[in-house]
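Please open the structure in your viewer and keep the selection tool at hand. We will take a short walk, from the whole chain down to a pair of side chains.

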Amino acid sequence: MAQTEDRKLAEFIRADLPMLRDRLAPLRVIAFGSRVRGDALSTSDLDLILVSPRFAAVPFLRRPVEVLEMLDYPGGLELLCYTPEEFEEKRRELGIVRVAIEEGITL
């Protein structure tokens, strides 16, 4: 399971991840960035990649908005939302998805 030394990450895992799993049935949830590395500031957001087939019918830029509305999250959450096919394509490219896979943790 995930490292939960970071309070914001631990709170997300406890309070929001179960609802997210119930509503989106994500194939993968990856936390990455400063909250996972352990060098977050009090103002740092929580970076997540969500992979779900349910994103297929939702325009790319609308996906994070819908997830945030679903969670009623107070803020400080940065989301990258992909379909499984998009994720497979992105993981082969040099970019944030590859970094998140290498340095992040799967929740």
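Predicted model: local features only at pLDDT ≥ 70, side-chain atom pairs only at ≥ 80, totals over all residues.

Next, select the C-alpha atoms. Along the principal axes, they fill a box of roughly 35 × 30 × 25 Å. The radius of gyration is 13 Å, which agrees with the value near 13 Å for a compact globule of 107 residues.

Of the 107 residues, 41% count as buried. If you select the charges, there are 15 positive and 19 negative ones, and their mean positions lie 2 Å apart.

For the last stop, look for aromatic rings: the whole structure holds one aromatic pair. Select Phe 60 and Tyr 82; their ring centres are 5.8 Å apart and their planes meet at 40°, so the pair is tilted. Where do the two partners sit? Phe 60 is in the loop between strand E2 (46-51) and helix H3 (63-71), while Tyr 82 belongs to strand E3 (residues 77-82), so the pair ties together parts 22 residues apart in sequence. Show the surface again around both: Phe 60 is partly exposed at 39% relative accessibility, whereas Tyr 82, at 6%, is buried.

Definitions and conventions:
Residues numbered from 1 in each chain as written. Heavy atoms only, no water. Phe/Tyr/Trp six-rings, centres within 6.5 Å; stacked < 30°, edge-to-face > 60°. Helix = DSSP H or I, 4+ residues; strand = E, 2+ residues; numbered from the N terminus. Buried < 20%, exposed > 50% of the residue type's maximum accessible area, 1.4 Å probe, protein only. Rg over C-alpha atoms; globule rule 2.2 N^0.38 Å. Lys, Arg positive; Asp, Glu negative; His and termini not counted. Charge placed at Lys NZ, Arg CZ, Asp CG, Glu CD.
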